[in-house]
Amino acid sequence: MAQCTARTPADAHVARRPCFFAWPLDNGPMPQAPALASIAAGLVDLGRRAHARGWALGTSGNFSAVVAEEPLRLAITASGIDKGQLGADHILEVDARGSVVGGAGRPSAETPIHLAIVRARGARAVAHTHSLWSTLLSEAHAGAGGLALEGYEMLKGLRAVTTHAHREWLPIVENAQDWVGEAGQLEKVLAENPAAHGFLIRRHGLYTWGRDLEEAGRHLEVLEFLLEARGRGGAAGESGAGGQP
Ligand SMILES: [Zn+2]
């Protein structure tokens with residue numbers, strides 16, 4: 001076989017010649033593996049949809065999905081990115097400790113929350129929004145430690161829920177800035193509420209998750225709808241479901 005003289009995979013392809021070489025350092029980043037590229041596209045789509053609905057305005061909110069389990073690799077939106085401008089190059093890859101192992105940029109300070117949910121729930125995708133209704137209701141119901149959503153047909157959009165009579169209890173946790181230090185407390189709340197499909201952070205927003213990006217996106221739409229229905233219903237004088245788990 002003739003010696004390979006190609007310097008890049010593209011050259012080798014043009015020359016129709018098998019070549020084995022390291023990706024040259026001066027040729028930009030390695031192309032993403034197909035799995036990561038497709039997950040990144042899904043995260044971009046979800047982030048942009050959440051922005052369009054007004055649930056993740058400005059740089060708020062973040063979205064993640066598991067790329068590999070052993071060792072854990074999580075694709076997550078980079079910090080400080082306007083979700084209306086989100087692109088595939090704004091998706092980072094972090095390890096189980098939240099250290100960046102792929103992509104450029106800084107991971108969100110809330111990365112430990114995503115990792116805690118993946119650990120505690122076996123989730124494959126996590127969605128987080130700063131919507132108006134999650135912000136308002138998380139304050140209004142903070143004293144009760146959570147918010148019940150009950151009697152709505154839309155509850156059936158949540159995994160394993162088959163009747164509108166389901167009572168969904170969303171725990172409310174206090175806001176923080178050091179989520180590395182709060183991860184243990186968060187996992188405790190998740191363990192105490194094994195049936196919950198999401199939780200609220202006080203005056204901050206909503207977290208939900210799913211077995212894949214599609215399910216996490218569906219849970220996000222369902223819970224945001226229910227929170228808005230609950231909030232508007234309360235404003236309209238509806239008594240609604242109340243305050244105890
Ligand atoms: Zn947040």
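This is a predicted model: local features need pLDDT of at least 70, side-chain atom pairs count only at pLDDT 80 or more; totals for chains, interfaces and linings use all residues.
**View 1. The largest nonpolar core of the model has 53 residues.** Look for Leu43, Ala75, Ile117, Val126 and Leu200, the residues with the most contacts inside this core. Helix H6, which covers residues 213-235, supplies the largest share of the core, with seven residues.

**View 2. Helix H3 packs against helix H5.** Here you can follow H3 (residues 111-121) and H5 (residues 179-192), whose axes lie 9 Å apart at an angle of about 30°. Because angles under 35 degrees count as roughly parallel, H3 is described as roughly parallel to H5. Their crossing is right-handed. On the H3 side, the contact is made by Pro112, Ile113, Ala116, Arg119, Ala120 and Arg121. Facing them from H5 are Trp179, Val180, Ala183, Leu186, Glu187, Leu190 and Ala191. Sorted by type, the residues of this contact are ten nonpolar, three charged and no polar ones.

**View 3. Threonine 111 is a buried residue of helix H3.** Is threonine 111 buried or exposed? Threonine 111 counts as buried because it has 25 C-beta neighbours inside 10 Å, and a residue needs 20 or more to be called buried. Apart from neighbours within four places in sequence, threonine 111 is in contact with Ile76, Val94 and Gly98.

Methods
Residues are numbered from 1 along each chain as its sequence is written. A nonpolar core is a set of buried Ala, Val, Leu, Ile, Met, Phe, Trp, Tyr and Cys residues joined through C-beta atoms within 7 Å. A residue is buried if 20 or more other C-beta atoms lie within 10 Å of its own, exposed if 12 or fewer, and partly exposed in between; C-beta atoms are placed from the backbone. Helices (H or I, at least four residues) and strands (E, at least two) are DSSP runs, numbered from the N terminus. Axes are lines fitted to C-alpha atoms, for helices over the stretch in contact, and angles run from 0 to 180 degrees between N-to-C directions. Angles under 35 degrees count as roughly parallel, over 145 as roughly antiparallel, 65 to 115 as roughly perpendicular and the rest as oblique. A crossing is left-handed if the near helix is turned anticlockwise from the far one by less than a right angle, and right-handed if clockwise. Two residues are in contact if their C-beta atoms, placed from the backbone, lie within 7 Å. Ala, Val, Leu, Ile, Met, Phe, Trp, Tyr, Cys and Pro count as nonpolar, Asp, Glu, Lys and Arg as charged, and the others, Gly among them, as polar.
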